[in-house]
Amino acid sequence: MKVLLLCLEEFIMEETIRLFGIQIGIFVQKKLLDFQELKKFEVNNPQNRKVQCCYTVDVKPDLNPQGKIIYSLENVDIYTTDLRTERCFPRYDRLLEKDAYGAMLSYKTDVERGVKRSEMELLFSEKMLELYGDRLVASQYMGLERLLLEHRGFLLHASLIEYRGLGIAFTAPSGTGKSTQAELWEKYRGAEIINGDRAGIRLFPNDVKAYGSPMSGSSGIVKNKETHLRAIVVLRQAPENRIRKMTAIEAFRALYSETLMNTWDAWYMETMTDLLLDAVRCIPVYLLECRPDEEAVCILEQTLREEVKNGRYK
């Protein structure tokens, strides 16, 4: 934290946001970046500014990672040194130069198992700012899945709703109908859609909570809200509506495939695997093969009621 405070002369805007129940401080050059998609998550109470994680944000003419490259995909390269890990985002837009990086997230490399990376640096190239300006969605470069994992949470590809005070997360590959099922619940049961594409889920000793996130996909639905998670529903399109509870191994595989995985990081993979195993033990996970109609809502609602009636869920 002292390092960040020394940067205040350069990073003249300080924001505190609350994402997934985690307080985050952001130090950023006010003239260059605004983080519009995070405005809904700002902490307005000046007495509640204690943070659990800090980002410094800056813009450079060019981004030059240090260390050696250990992993490469189409849209991200991973570099490491003895002290830091750097995620570099190349060729995000075809307008970027072929070998140029548009954004880079840098954080401390684990020295001991379980050490939290509470200080992160996020850099953007001048070209990236020139191309995107106010349309830049900075949160997608923040490594939020890491932040969640450090607090016993994971970022699930899901549409999240709240119905009668409890959350239901619909998860499936893109195009399967997550947003459609959420909208059906809104239409026929008056449920509230919290997020249309990504939900943060955290495990606590006696509770599981789900949170809205700033990443909404094509739905555009972003709400700063948390709810007690009642169930996760895995969707498949089918000619008839039917539902069943998934086995633990089925549920694990389904969640694993719809959760962001940092496959280059052994600590992340081991910790996330353990967390998902814990999740399927305490969160009811259902397979809903369905049509986009009210009957799909009815059979899920009836199933949840029966589990309460039979004492399998309180």
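Student: In which loop does Arg 164 lie?
Tutor: In this predicted model, Arg 164 lies in the loop between β9 and β10, the latter spanning residues 166–171.

Student: What about phi at Arg 152?
Tutor: Phi of Arg 152 is near 50°, again a positive value in a residue other than glycine. Arg 152 belongs to the loop between α3 and β9, the strand of residues 153–163. With a relative accessibility of 39%, Arg 152 counts as partly exposed.

Student: Which residue takes a positive phi just after α4?
Tutor: That residue is Gly 190, where phi is about 70°.

Student: How far does α4 itself reach?
Tutor: From its first C-alpha to its last, α4 reaches 16 Å over 12 residues, close to the 16 Å expected at 1.5 Å a residue.

Student: Which of its residues are buried?
Tutor: The buried residues of α4 are Lys 178, Gln 181, Ala 182, Leu 184 and Trp 185. Viewed down the axis of α4, they fall within an arc of 155°, so they line one face of the helix.

Student: Let us turn to salt bridges. How many does the structure hold?
Tutor: The structure holds 20 salt bridges. One of them joins Asp 265 to Arg 146, with the closest N and O atoms 3.1 Å apart. Asp 265 lies in the loop between α5 and α6, while Arg 146 lies in helix α3, so this pair ties together parts that are 119 residues apart in sequence.

Student: Are those two buried or exposed?
Tutor: Asp 265 is buried, and so is Arg 146.

Student: Which residue does Glu 294 meet in a salt bridge?
Tutor: The side chain of Glu 294 meets that of Arg 189, at 3.5 Å from N to O. This pair also links distant parts of the chain: Glu 294 is in helix α7 (residues 294–309) and Arg 189 in helix α4 (residues 178–189), 105 residues apart. Glu 294 counts as partly exposed at 33% relative accessibility, and Arg 189 is partly exposed at 23%.

Student: What is the partner of Arg 305?
Tutor: Arg 305 forms a salt bridge with Glu 301, and their closest N and O atoms are 3.3 Å apart. Because Arg 305 and Glu 301 are four residues apart in helix α7, about one helical turn separates them. Arg 305 is partly exposed, with a relative accessible area of 44%, whereas Glu 301 counts as buried at 9%.

Student: Which residues are linked in a network of salt bridges?
Tutor: Glu 162, Glu 192, Lys 223 and Lys 225 are linked in such a network.

Student: Now the rings. How many aromatic pairs are there?
Tutor: The count comes to seven aromatic pairs. Among them is a tilted pair of Tyr 71 and Trp 264, 5.3 Å from centre to centre with 50° between the planes. Tyr 71 lies in strand β4 (residues 68–72) and Trp 264 in the loop between α5 (248–257) and α6 (266–282), so the pair ties together parts 193 residues apart in sequence. Tyr 71 counts as partly exposed, at 24% relative accessibility, while Trp 264 is buried, at 18%.

Student: What geometry do Phe 124 and Tyr 141 form?
Tutor: Phe 124 and Tyr 141 form an edge-to-face pair, with 5.7 Å between centres and 80° between the planes. Phe 124 lies in strand β8 (residues 119–125) and Tyr 141 in the loop between α2 (126–132) and α3 (144–149), so the pair ties together parts 17 residues apart in sequence. Phe 124 is buried, with a relative accessible area of 0%, and Tyr 141 is buried at 2%. Phe 89, Phe 124 and Tyr 141 form one aromatic cluster.

Student: Which residues touch the most other members of the largest nonpolar core?
Tutor: Of its 39 residues, Ile 24, Ile 26, Phe 35, Tyr 55 and Phe 124 do. Elements giving two or more residues to this core include β1 (13–19), β2 (22–28), β8 and α2. A second, separate core of 32 residues includes Phe 154, Ala 199, Leu 203 and Val 285.

How values were computed. Residues are numbered from 1 along each chain as its sequence is written. Side-chain values use heavy atoms; hydrogens and water are left out. Rings of Phe, Tyr and Trp (its six-membered ring) pair if their centres lie within 6.5 Å; planes under 30 degrees apart count as stacked, over 60 as edge-to-face and the rest as tilted. Buried means under 20% relative accessible area, exposed over 50%, partly exposed in between (1.4 Å probe, protein chains only). A salt bridge is a side-chain nitrogen of Lys or Arg within 4 Å of a carboxyl oxygen of Asp or Glu. The expected span of a helix is 1.5 Å times one less than its number of residues. The arc is that of the directions from the helix axis to the C-beta atoms. A nonpolar core is a set of buried Ala, Val, Leu, Ile, Met, Phe, Trp, Tyr and Cys residues joined through side-chain atoms within 4.5 Å.
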